[in-house]
Amino acid sequence: MSITITVAETVPDDAFERIISLSNSLQQTDLNFRGVPLEVRRGPLTAVSLHVSDSDDEMRERLLLLLVADVLKTEPESQMGGLY
């Protein structure tokens with residue numbers, strides 16, 4: 001049981017750090033993610049810039065995909081960027 005978030009190598013460092021912060025926050029505050037190993041990594045994705053893989057829970061995978069996609073499109077100075 002583990003979750004992997006893979007983003008393209010071209011994702012800016014600040015956005016990558018926000019994804020790591022999001023994953024840490026979810027593991028501490030959301031029962032769906034508590035105790036589940038969650039890895040954030042960069043990969044040579046060419047067709048898409050984001051992939052989330054959760055081998056145990058498809059709905060949790062989709063939720064995390066939406067949350068991470070929102071973090072990726074958020075500017076660091078915006079309200080959402082400040083939350084993570």
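**View 1. The largest nonpolar core of the predicted model has 19 residues.** Those with the most contacts inside this core are Ile-3, Ile-5, Val-7, Ile-19, Leu-38, Leu-64 and Val-68. Two or more residues each come from β1 (3-8), α1 (13-29), β2 (38-43), β3 (50-54) and α2 (58-73). Helix α1 gives the largest share, five residues. A nonpolar core is a set of buried Ala, Val, Leu, Ile, Met, Phe, Trp, Tyr and Cys residues joined through side-chain atoms within 4.5 Å; buried means under 20% relative accessible area, exposed over 50%, partly exposed in between (1.4 Å probe, protein chains only). Helices (H or I, at least four residues) and strands (E, at least two) are DSSP runs, numbered from the N terminus.

This is a predicted model: local features need pLDDT of at least 70, side-chain atom pairs count only at pLDDT 80 or more, and totals for chains, interfaces and linings use all residues. Residues are numbered from 1 along each chain as its sequence is written, and side-chain values use heavy atoms, with hydrogens and water left out.

**View 2. Surroundings of Leu-38.** Leaving aside residues up to four places away in sequence, Leu-38 touches Ile-3, Ile-5, Ser-23, Gln-27, Phe-33 and Leu-64 (contact: heavy atoms within 4.5 Å). Asn-24, in helix α1, is 14 residues from Leu-38 in sequence and 8.5 Å from it in space, C-alpha to C-alpha. Asn-24 is partly exposed, with a relative accessible area of 39%.

**View 3. Parallel pairing of β1 and β2.** The two strands pair over six bridges (pairing requires at least two DSSP bridges). Ile-5 has Val-40 of β2 as its bridge partner.
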